Amino acid sequence: MACVVSLYRPLSLLAPVGVRRAIVCRMSLDMRAREVFASAIEAVQPDIVMRRGLERTGDTLLVNGRSFTLKNNLHLVGFGKAVLGMAAEAERIVGDHLVRGVISVPHGIQETIRQHGKDQMLLKDGSRITVMEGAKHNLPDADAQRAAECIKELVSTLTENDMLLVLISGGGSALLPAPVPPISLQEKQDVTRRLAGAGATIQELNSVRRALSILKGGGLAHCAHPAQVVALVLSDVIGDPLDLIASGPTVWTEVWPEEIWSILERYGLSSSLPVSVKEVLGRSAPRWEESGEQSDRAAHVLNAVIGSNSIALECAGRRARELGFRPVVLSPGVCGNVQSVSRLYGLLARFACSRDEPPPELPAEILKLGPETGVESWDLCRAMQVLGEGRGEGWGATCLLAGGEPTVQLTGKGRGGRNQELALRVGLELAGMELPPKGPLFLSGGTDGQDGPTEAAGAVTDAGLGKEARAQGLDPDGFLVNNDSFTFFSRLSGGQRLLLPGLTEPHTNPTLPCPTTSP
């Protein structure tokens with residue numbers, strides 16, 4: 001998810017001159033915030049990241065500085081929300097050398113893409129790539145398991161003369177379920193669902209999935225050995241840890257049962273696990289037989305991150321400057337419970353919008369939230385220093401950019417997602433401040449164009465949210481208790497605050513949550 005936060009100052013010294021200045025001045029703060037977010041989305045579109053990741057000259061393919069010879073020996077597999085678009089572009093680039101492919105994508109995505117008129121994300125008629133849909137509501141199901149079995153079957157037949165191109169994006173874990181026997185898919189799904197409902201982080205969820213899977217934690221690369229494996233990754237995990245993205249199917253990772261037990265105990269699940277899960281976690285033997293030295297395995301696998309939060313934020317920053325903002329990147333990895341994250345953004349907004357030097361307790365409280373939100377103290381100090389300089393120099397508008405993924409503990413059965421709940425909570429945190437353009441505006445959105453099981457990517461909010469809601473008979477706190485932020489924003493002023501970019505299909509995170517505070 002990408003976060004955009006813009007904070008306003010009374011005087012604008014950064015606005016462009018001439019015609020462009022007039023155009024920017026006619027744009028509301030809300031419009032400019034949405035433009036900044038749109039640039040973050042565009043930066044991680046599947047076709048764009050694939051062209052950036054795959055460079056071809058004749059029969060030579062260059063990936064991340066390494067070259068490979070194409071000789072009608074290319075096979076392709078993939079899994080994730082953005083993989084359909086990635087596969088379509090890959091086939092355009094190297095399709096003449098492609099022998100066969102299988103990809104696992106979300107249920108209904110092909111029809112959704114057709115309805116949105118984004119045919120460039122679809123495979124052409126006669127494609128050598130088989131598309132298999134599954135994982136309704138981003139949960140592993142029988143269809144996704146069949147796709148995983150087909151992928152395993154394909155890669156297990158490869159030889160040392162073959163090359164395997166693996167496409168990975170957000171949602172890949174749910175689309176590649178292959179439980180370790182005797183665990184059933186339902187048992188593995190129940191454990192994952194209970195962990196997510198208890199508030200486990202994406203890192204913790206992936207660690208458990210990896211331990212209970214044949215293909216994760218390097219399992220896919222193991223099955224493909226001795227073929228050359230090249231994995232192109234559109235990251236949706238903070239910090240781009242390759243072993244955690246889609247649970248690391250091409251990254252050889254040791255599974256430590258003690259770590260898994262610790263996670264399960266942390267969320268009170270260790271005593272109620274299925275017998276099959278306890279059996280698998282109690283084994284001391286490896287999940288598969290060793291096949292050579294680790295260095296030999298590593299030589300046959302290349303993992304390259306071609307899209308991430310950092311890339312999205314870099315492009316968002318360039319667009320922010322074009323629109324008259326001074327961009328400041330806080331961090332690409334803001335995380336922690338959504339209450340702490342919303343509090344952090346609210347305090348930063350107050351710090352930036354203070355007309356005089358803020359009281360010392362304000363920066364102290366901001367720094368105190370650092371460990372809870374995954375932001376290093378020096379990043380917070382740097383951001384506050386830049387914001388303070390802006391106060392002294394009379395900047396116009398500052399756009400504070402951040403990326404990450406807050407954790408929402410489910411207490412209700414409403415509709416929404418991380419971004420919409422974050423926007424709702426930040427709006428309440430901003431109560432009492434001035435309205436835009438003199439006060440802050442906040443935007444939070446996911447770069448895959450969706451936030452949870454809704455058509456919205458997120459929402460835009462400001463200090464007037466609470467008053468506006470009460471005037472329309474809406475109780476924000478009640479919607480928060482029910483995790484029903486989408487219904488709240490849909491009813492509030494006819495849904496004008498919702499962020500509805502349409503299907504974008506990347507997810508660098510992504511999700512990425514995207515906040516924005518403004519002028």
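Reader: Strand β12, residues 397-407: how many of its residues are buried?
Author: Buried residues make up 11 of the 11 in β12, so the strand is mostly covered; buried means under 20% relative accessible area, exposed over 50% and partly exposed in between, with a 1.4 Å probe and protein chains only. Strands are DSSP runs of E with at least two residues, helices are runs of H or I with at least four, and both are numbered from the N terminus.

Reader: Before I go on, what are the ground rules?
Author: This is a predicted model, where local features need pLDDT of at least 70 and side-chain atom pairs count only at pLDDT 80 or more, while totals for chains, interfaces and linings use all residues. Residues are numbered from 1 along each chain as its sequence is written, and side-chain values use heavy atoms, with hydrogens and water left out.

Reader: Which way do the β12 residues point?
Author: A397, C399, L401, G403, E405 and T407 point one way, and T398, L400, A402, G404 and P406 point the other. Both sets are buried. In a regular strand, side chains alternate between the two faces of the sheet.

Reader: Which strand pairs with β12, and in what sense?
Author: Strand β11, residues 325-337, pairs with β12 in the parallel sense over 10 bridges. Pairing requires at least two DSSP bridges between two strands.

Reader: And what is the partner of V328 in β12?
Author: The bridge partner of V328 there is L400.

Reader: Switching to charges. How many salt bridges are there?
Author: The count is 24, taking a salt bridge as a side-chain nitrogen of Lys or Arg within 4 Å of a carboxyl oxygen of Asp or Glu. Side chains of opposite charge can pair when their charged atoms come close.

Reader: What is the N to O distance for E89 and R92?
Author: That salt bridge is at 2.8 Å. E89 and R92 are three residues apart in helix α4, residues 83-94, about one turn of the helix.

Reader: Is E89 buried or exposed?
Author: E89 is buried, at 7% relative accessibility, whereas R92 is partly exposed at 40%.

Reader: Which residues are networked with them?
Author: D47 and R51 are linked with E89 and R92 in a network of salt bridges.

Reader: What about R318 and E314?
Author: Their side chains form a salt bridge at 3.2 Å, N to O. R318 and E314 are four residues apart in helix α13, residues 309-322, so about one helical turn separates them. R318 is partly exposed, at 46% relative accessibility.
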